[in-house]
Amino acid sequence: MVQESKVEKSPKTIDVDKMINSYVEKAHVALDKMADFSQEQVDKICEAVATAGEKNNYLLAKMAVEETGRGVVEDKAIKNMFASENIWNSLRHEKTVGVIEEDKEKQLVKIAEPKGVIAGITPVTNPTSTVIFKAMLALKTRNAIIFGFHPQAQKSCVKTAEIIREAAVSAGAPADAVQWIEHPSLEATSKLMQHPNVQTILATGGPGMVKAAYSSGKPAIGVGPGNGPTYIEKTANIAESVNDIVLSKTFDNGMICSSENSVVVDEDIYEEVKQEFKAWNCYFLTPTEIKKFEQKFIDPKRGTVAGPIAGKSAYQIAKLCGVDVPEDTKVIIAEYKGVGRNFPLSAEKLSPVFTLYKAKDHEDAYRICRDLLNYGGRGHTAGVHSHDQAVIDDFSMKMDACRILVNSPASVGGVGDLYNNMLPSLTLGTGSYGANTFSHNIGARDLLNIKTVAKRRDNMQWVKVPSKTYFEHNAANYLKHMPDVERFFIVTDETVASLFANEITDIISQRRGRKSYEVFQTVPSDPTTDTVADGVHRMKIFKPDVIIAIGGGSVMDAAKAMRLFYEDPEMTFAKATQKFMDIRKRTVRFPKYNSIQLVCIPTTSGTGSEVSPFAIIKNSNNGIKYTICDYALNPDVAIVDDQFVENLPQELIARSGFEALAHALESYVSTMATDFTRGWSMEAIKLIFENLVKSYNGNMIARSKMHNAATLAGMAYANAFLGVGHAIAHTEGSTFNIPAGLSDAIAMPYVIKFNSKRPRKLAMRPHYSVYRADKDYVEIAKSLGLKGNSNEELINELVKKFVELAHQVGMKLSLKANGVSESEFNAKVEDLAVEAYGDQNTVTNPSALLINEIVELMKKTYSGEGIEK
């Protein structure tokens, strides 16, 4: 950091307020003129500034050293060239005007705007190069800048600013885009930083100045002190490491704040490192000399390097501190054992002086380096010389520094570009470690206001179904030829097992080559977490490569859950059932790939589970049904073979038919519905209305059509999802033992009516531009040939046709009519509504529901209001 210095008060004849106001007013005029500059105009100006800085690098360096008495002319010339050439090279192709970034996929456009008038505070250590750097950043970003130069470097900085301004103006910049305080004082600099029409402060200076910048009440970019340690670990190339450190400490007499202030060395190589430093004419202070040196080198009040010391040569510093060293001494080294106020030389030094520490091992070295950073250098820079990647990684993780420099000189490494690919900069942020806003090397982007234009995004849509779906009579013969499988784990229930298990095992037995199977036939009508755990246990013993689920939705859902928990032992039921808004962004991550294939063969025509990513599982602990949904649950193969539904009882035909119809209706109006899914939904709706009664009465062709319709509806809801009707049906069904399909049928008339009314609360992020559920229901009604003089009449006709169909297959459309106790219902309805609200299906309902609205819907399902006589 820059040395603090005493600043003369403003001459009484200078009206500081008037002076600063004048600068700021002219800066805003320049700002307005630059507002319409193109990127080409801006770049032309910056290139002119860079050219002028490079052309005058030696002149300005010489002036800086003569005026400040600090540093090395040749090194300051290199700094000026760095500020001109390297900085401009990094800025040359950077967009800073207008649209600087556009992401067509995400529909985001970023537009760069200047921050406004910048107060540029510069140090005594790097005066002219900092002026070039900050002026170029300001002009590149169309900001106007007013400098407050360090008084001890006023003449050289003014000369630098004059050269820059002349070059910028000749290239088209407004005359007052670059200004400076002509009569410097602490008062003037403070008023500049606090001026209400100065938008940002870019401050490089002593801790007091940086603190003042942050206390100004406006955005400030300041940098903290840099008491950076460097660790030479035993695997380092000693000659290279010492060379780098000597180069770094002698460059401009160590005045770059990232330079090594202390060096920590493993004891295994300590003596060898010492000898290498001595070979480079580095002087080791004796214990007596250290005591004498400390008294002059460190300001006892501030605990930091004394004002006259910073930037002097090693020989000059030794003389000032009363120590005799050879005139060709490059660096002064003090062997040290402590850190803190009681060890004065452990502070930042800004000179060709450093302390040397011996470390017992890696952990001891890390401790010493952390202590040094904590003593005035947190967040800035730490270096490590090592060829052990594990040490480099460990060091990087344990140091509270924003720049970790590996096997390179810290001073010229910290500024970037020369020894690494960091952004070249002369303002190095120290992050929150050092009470800074920024933790990186400051660049042009930090002086921009970036406006984000966020266009409405149409999310990429998808259709995901099993990779293979086989249908028609005897499609189950696919199992005879299914490739790359040998061990078949057959999941079913006792009833289906007695009817079809032998048929499936006979087909497997006809396979060529090795084959084996095991039958798990204990899935209940409502599969539980205990059922799933039992299946997983059996699978761990059998080690299948394919699961065959044959049965209704319960069996297929249980098989999906078994595969999930078998392949991912870390997954818990609580995680798996967690609700989400967008399946692609859900918090809980499911397996992306399944090593075990899943084949689903439905023996009912309703659930669509054979093509869906859903599984309904009852928690054995509380008896509540939960929905698991993720595409990791999707079956790999669906076999829709009507031979397995030829002998269904009428009651099951009715219930499964209405389960499929509810899937089709809700997926058609879902917020996730697309042109693809609506096609499946609509075809399923038409097939069900045309064939359910026929199938119920024994027509085998109609039954085959119903089997196909259930799978089509499954494909639709697998990709569009469902709505509140299923949330209510799941909740009421599990609580009052109402079978699936019947509970759907009871809820659906009221849900259709509710969703067809313009919602009080709109659904979040639908895949359509405006609410459309009412028109969707009208489209369904028209496709069924229903008549009406208005949308409302058509929707009422749709509800009426739904109810008539239910009555035709013997269904009673209320909880009361199905034997649910009114007192029990009333006692539970409030809690049931909360449970339904938490169901995954409510997320995609076309109307966002409040819990009290779900309560009202549930009350109607109990009484059958307006539906059930």
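The model is predicted, so local features need a pLDDT of at least 70 and side-chain atom pairs count only at pLDDT 80 or more, while totals for chains, interfaces and linings use all residues. Residues are numbered from 1 along each chain as its sequence is written, and side-chain values use heavy atoms, with hydrogens and water left out.

Helices (H or I, at least four residues) and strands (E, at least two) are DSSP runs, numbered from the N terminus. Helix 3, at residues 57-68, has 12 residues and reaches 16 Å from its first C-alpha to its last, which is close to the 16 Å expected at 1.5 Å a residue; the expected span is 1.5 Å times one less than the number of residues. Residues are called buried under 20% relative accessible area, exposed over 50%, and partly exposed in between, with a 1.4 Å probe and protein chains only. The buried residues of helix 3 include Asn 57, Leu 60, Ala 61, Ala 64, Val 65 and Thr 68. Because these residues cover an arc of only 130 degrees around the axis, they are on the same side of helix 3; the arc is that of the directions from the helix axis to the C-beta atoms.

Helix 11, at residues 287-297, has Glu 289, Ile 290, Phe 293, Glu 294 and Phe 297 buried. Its buried residues fall within an arc of 140 degrees when seen down the axis, so they line one face of helix 11. The face turned away from that buried side carries the exposed residues Thr 288, Lys 291, Gln 295 and Lys 296.

**Single residues**

Which loop holds Glu 472? Glu 472 is in the loop between strand 18 (468-471) and strand 19 (487-491), and Asp 484 also lies in the loop between strand 18 and strand 19. Neither residue is a glycine, yet Glu 472 has a positive phi of about 85 degrees and Asp 484 has a positive phi near 65 degrees. Ala 559 is found in helix 18 (residues 553-567), whereas Ala 848 has its place in the loop between helix 27 (822-837) and helix 28 (851-863). The table gives the accessibility of these residues.

| Residue | Relative accessibility | Class |
|---|---|---|
| Glu 472 | 45% | partly exposed |
| Asp 484 | 74% | exposed |
| Ala 559 | 0% | buried |
| Ala 848 | 18% | buried |

The C-alpha atoms of Ala 559 and Cys 600 are separated by 8.7 Å, although these residues are 41 residues apart along the chain. Ala 848 and Pro 759 are 89 residues apart in sequence and 7.5 Å apart in space, C-alpha to C-alpha.

**Annotated spans**

An unreviewed UniProt entry gives the annotation "domain: Alcohol dehydrogenase iron-type/glycerol dehydrogenase GldA" for residues 466-641. The end C-alpha atoms of residues 466-641 lie 15 Å apart, and the span is 28% helix and 23% strand. UniProt, again in an unreviewed entry, places "domain: Fe-containing alcohol dehydrogenase-like C-terminal" at residues 654-862. Residues 654-862 are 68% helix and 0% strand, with end C-alpha atoms 20 Å apart.

**The second largest pocket**

A pocket is an open set of points on a 1 Å grid over the protein atoms alone, where a 1.4 Å probe fits, with protein on both sides within 12 Å along at least five of seven lines; lining residues have an atom within 4 Å of a point. The second largest pocket holds about 540 Å³ of space. Of the 22 residues that line this pocket, Lys 464, Lys 592, Asp 630, Tyr 631 and Ala 632 are the closest to its centre.

Technical notes:
Grid points are joined across faces, edges and corners, and a volume is the space filled by probe spheres set on the points. UniProt positions are given in the numbering used here, feature names are shortened, and annotations may be inferred rather than shown by experiment.
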